[in-house]
Structure formats: structure tokens, C-alpha cells
Amino acid sequence: MAALLNNLFGGSKPSASPAPSADSDFADFAGAPDPSPASFSAIPTAASFAGAGAFPTGAAVPYTKWYNIHERYALSDFKQEGIILGFIAVIIAVHLFGSSANRKKAKSWIDAHAATLKREFALVGFGGRAPSPEDVEDNGLAKSLASVNLDRPEELLKEKSLQQYATYATGRTNVAFLDVSISLYKRYSPLALIAEFVMSLFFESMPAPVERVEATLYPFDGRESLTVPGQLPGAQELRKDKSGYDGFVWAVVNKETMKQLRDDRYDVSITSTKDSPKLPNWVTIMSESAEITDFLLTPELIKAVESAGDLLEHLIITDQPIDQPLKLDDTIPKKRIHLSYRIPSSGDYSKLLPIFEYFIRVTDILVQSAHFRPEVLRKVKATRDEQIKRLQKADDDEKAEERQLEREKAKKMKRDLELKGLDAKAQKKYLEKEKEREMKKMQKKQTQRG
């Protein structure tokens, strides 16, 4: 009791040592000194804000790795980046090398054939200019076209893609124009090239890539008036001599590509195949008539085929479409001459020039002598008439089906109008009669089948 009164009225002084706390969580802070107030005399200066290095102090500051980048990093730290850059450099180098190699191959082809093209055609390539009317009047059409500069290969060839090149020629008797396409390997993309070769081993629908030249010659076929403008000097003289000849399909084909060619092209699929003792055993003749073969198999052609060797793929003279005709308009004859041969790896075209020259000049032979006996033309025409009759029947069936659909549609509209004009009782009666008629028709059909 006395201790309690002393505590209430301050009768006793507190002890100097703090009493131990029952809470053990604050035991570490029991002996901590009291915090002292901050001194107001320590006022920050501009130097303390900017840092010691902001003002010259007279003492040299040592440079550490933080300032010397070459001390912080080494070349070994950039291995991944170096590999990526090296890989990109290899891709760019291969791309440039392959593109350059393809351009050189295309240029070597045009260098070998430019003389023949300029000798046979008045205008070759894409860089020529159209002659002015004054030049035509003074020098004539042929000389005006021939005066165009054709010596630059970049004007003779057009780069359609890194693997596809093309050239064009026009201005020749019996020939409207000539298109030439050069297909090369994808040397600029070796992985894609390897993939194409590998895929060709497993899929027949994907042939192996081949470097080839494909040329298509379009004869006038007596249609000079539709091509040459009438106001040009010399156009009237050109129309006097028609360049028409009888239409047929005839081809000299390499046996390695014969099956694929017959599957891909409709025009040669209507011909019959027969070997000739006059030709090498690696080629065959595809013709609609033996008389046509005897006419076209000249010593000049035989010599050119032998010179070309197995690089020759086909030479086709045709008036039929490449794709299967689906409409009557597709059966209209369109005369063309096709030449295809593989590009020699050596780059020597001397053995292929004879077949290329024959390909250009064969139109002169056709216009002059390709007018056959009526018996031959009847046989040729029979195949075309059969195809025309088949398409005509398909066209008639399609039109009959359309007419039937229109009649059924009109009949249904008439029925709906009649039903709308009737009340509910009459509609029910109308539908019952319609159902009875359908049942009678079904019974009649079953009786006829039995």
C-alpha cells in the first residue's frame, strides 16, 4: 500500500536503469542512444550538388573501367553479333554472285544470237525508238527500223526477274513478232534451288529445274492488215502478198520430254507419234499426217537437229491451243511456232544456232509450200471437228439446262401467285390435288421401270 501511494504522489525517484520490457521484439532497441538533432550549420553548397568532379580541384582524377569502354568490354562479348553479321554478309555475297552469274549467262545468249536476230528482223529488243514519218518517207520503213541502235545488250534483253530474261523482235516478212524467254537457275538462292531439286525426286508434278530458252514465233497468217497500220508507206505493198498457209500440228520432240509434253499440251496430244530413220534415235515425230512429215522433214532440219543434240527439247508448229478448249471460242485456230532447248553449261551456242535460224525461217517455207491436198486437210479437220462437236454438245446441254431452270422458276412463280389468290380452304384443296398429281407421276415412273 505504501508503494502505491509513493508512485501516485511522487514519493520515490525512478531508477537510473530502464526496466526490462516484457516484449522481446524490442530488446535490440533497449540500449540504443537517443537521436541527436541535425545541425543547421551544414548548409549544402553548389559543389555538393554538382559533385566533386564539377569544379577543378587541382588533383588528377584516375580513369577507371567506367570511363574506358575497351577495358569494360572485349571482342569475346560480341560473338553472337559477329555470327549474325557474318551470316548476313554470306547471304548478300551469294545473292550478288548468283545474280551476276545469271546476268552473264543471259548476256552470253544475246551476244551469240544478236547477229541472227538483227539480220532477220528490223527491230530487236526494247530500247529501239519508233521511226518518225519523215524517216519513213525518206528512207522507207525497213531502213528506218534498221537504223535503230541495237548494239547495247541492256536494250536487247529485259530482266523480268533474277532468273527470268526476255527479248522481243519484229519487222520481218511472214512474221508478226517473236518472243524469247530465258529461264535460269536460282543461283542467288542456293537453298531454294536445292529444295526444288529434292522435291523433284519425290513428286512427279514438280519437274527438276532446268535452264532453257523458249521462243514463240507468231506468223502473220494473212492478217497483215490487222497488224501494219494502213497509213505507213509500204503497207499497201505488204498486203498484196498474203502469208497464209494450211493449219496443222507437227513437232520434233526429245523423247525424254515427250510424255510430259503430251500431258501438258493439248495441241500435241491430238497427234500420233512415229520415229523416223532420218533422225537420231533420241527424237521422235508427232504429226497429224505422214504427208506433212514428208514435207517438213528437210535435210536442213535434220542437220540442225543433229547439230543441237539432246539439248533440243522440241520444235512445234501448231494452230491449236496449248490448253484443253473449254469453249467454242477456244477452238479458233491461232498459228504459232515454238522452240525450246536447254542452255549448254559451256556457254557455247554454235551448235544451237542452226536450229534457231531454221525456227525463224520456217515461216517462209510454210507460206510458200504448206498447201496440202484436200485428202490431207480432211483428215486434219476431222480431229478438230470432233472436238468442236463435243464442245457444241456440252454448250447445248448447258443452255438446255438453263432453259429448264427458267421454265421451272416461271412455273413456281405462277403457282405461288395462284395460291396467294385463294382462301385457306381453296389452298388446301389445291395442295391436295397437286400431291395427287405427284403421286400419279411417281407410280407411272415405277410402272415403266418395272
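Residues are numbered from 1 along each chain as its sequence is written, and side-chain values rest on heavy atoms, with hydrogens and water left out. Because the model is predicted, local features need pLDDT of at least 70 and side-chain atom pairs count only at pLDDT 80 or more, while totals for chains, interfaces and linings use all residues.

On a 1 Å grid over the protein atoms alone, a cavity is a set of points where a 1.4 Å probe fits but cannot get out, whereas a pocket is an open set with protein on both sides within 12 Å along at least five of seven lines; lining residues have an atom within 4 Å of a point. Grid points are joined across faces, edges and corners, and a volume is the space filled by probe spheres set on the points. Helices (H or I, at least four residues) and strands (E, at least two) are DSSP runs, numbered from the N terminus.

One cavity of 30 Å³ or more is present in the structure. Around the largest cavity sit Tyr266, Gln320, Pro325, Thr331, Arg384, Gln387 and Ile388, with helix H16 (residues 374-420) giving the most to the lining, three residues.

Ser340 belongs to strand E10. Ser340 counts as buried (under 20% relative accessible area; exposed is over 50%, partly exposed in between; 1.4 Å probe, protein chains only), because its relative accessibility is 1%. Its side chain makes a polar contact with the side chain of Glu313 at 2.6 Å; such a contact is a pair of N or O atoms within 3.5 Å, where within protein one must be able to donate a hydrogen and the other to accept it, and residues adjacent in sequence count only if both atoms are side-chain atoms. Beyond its neighbours within four places in sequence, Ser340 is in contact (heavy atoms within 4.5 Å) with residues including Arg212, Glu214 and His314.

**The nonpolar cores**

A nonpolar core is a set of buried Ala, Val, Leu, Ile, Met, Phe, Trp, Tyr and Cys residues joined through side-chain atoms within 4.5 Å. The largest one has 55 residues, of which Phe248, Trp250 and Phe359 touch the most other members. Helix H15 (residues 353-369) gives the most to this core, eight residues. Another core, of six residues, lies apart from it and includes Ala251, Val253, Val268 and Ile316.

Asn174 sits in the loop between strand E3 (164-172) and strand E4 (175-183). Its phi is near 70°, a positive value in a residue other than glycine. Most residues other than glycine have a negative phi.
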